[in-house]
Amino acid sequence: MKRLIPLALLLSSLSVALTALPQPRGFVNDFVGVLTPSQAEEMEKLAAEVQEKTGAQIAVLTIDSLDGEVLEEYAHRVASTWQLGRKGKDDGALLLIAKNDRKMRIEVGYGLEASLTDIATKRILDN
């Protein structure tokens, strides 16, 4: 007879694997002090202006570490949990910076892929 893993053990190992997500405080969520206050304020205004003019939502998140999570999966989880973009349009984008891991990613919703192409997001990250 095969030995079954108890459900509680399985669930606890899954919950450990996923890092708790921070709660957004606005468009710019600099939890590790990467940005100066004036930079954060300028980015907050720009994101608000983008939303006002286009309806699209852009958010910034800085964290210390991904704690072993895959960058792409973490970014997608944040964008989904924060519900970036309008329902039915999926026009949200997230700039994620994991400072100690030295990793960055721009997660783009399907509704913005024509404007924020892979090439455009690479240029943004490179510069």
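Two strands are taken to pair if DSSP finds at least two bridges between them, and the views below apply this to a predicted model.

**Close-up A. The hairpin of strands β3 and β4.** Strand β3, covering residues 92-98, pairs with strand β4, covering residues 103-108, in the antiparallel sense and over 6 bridges. Within this pairing, Leu94 has Glu107 of β4 as its bridge partner. The hairpin has 4 residues between the strands, and Arg102 takes a positive phi near 55° there.

**Close-up B. The salt bridge of Arg105 and Glu107.** The bridge partner of Leu94, Glu107, also forms a salt bridge with Arg105, in which the closest N and O atoms are 2.8 Å apart. Glu107 has a relative accessible area of 12% and is therefore buried, whereas Arg105, at 25% relative accessibility, counts as partly exposed.

**Close-up C. The salt bridge of Glu49 and Lys53 in helix α2.** The side chains of these two residues meet in a salt bridge with an N to O distance of 3.2 Å. Both residues belong to helix α2 (residues 37-54), where they lie 4 residues apart, about one turn of the helix. Glu49 is partly exposed at a relative accessible area of 40%, while Lys53, with 64% relative accessibility, counts as exposed.

**Close-up D. The salt bridge of Lys122 and Asp126 in helix α4.** The side chains of Lys122 and Asp126 meet in a salt bridge at 2.8 Å, N to O. Because they are 4 residues apart in helix α4 (residues 118-126), Lys122 and Asp126 are separated by about one helical turn. Asp126 counts as exposed, at 53% relative accessibility. The count of salt bridges in the model comes to 6, among them the one between Lys122 and Asp126.

Note on methods. Residues are numbered from 1 along each chain as its sequence is written. This is a predicted model: local features need pLDDT of at least 70, side-chain atom pairs count only at pLDDT 80 or more; totals for chains, interfaces and linings use all residues. Side-chain values use heavy atoms; hydrogens and water are left out. Helices (H or I, at least four residues) and strands (E, at least two) are DSSP runs, numbered from the N terminus. A salt bridge is a side-chain nitrogen of Lys or Arg within 4 Å of a carboxyl oxygen of Asp or Glu. Buried means under 20% relative accessible area, exposed over 50%, partly exposed in between (1.4 Å probe, protein chains only).
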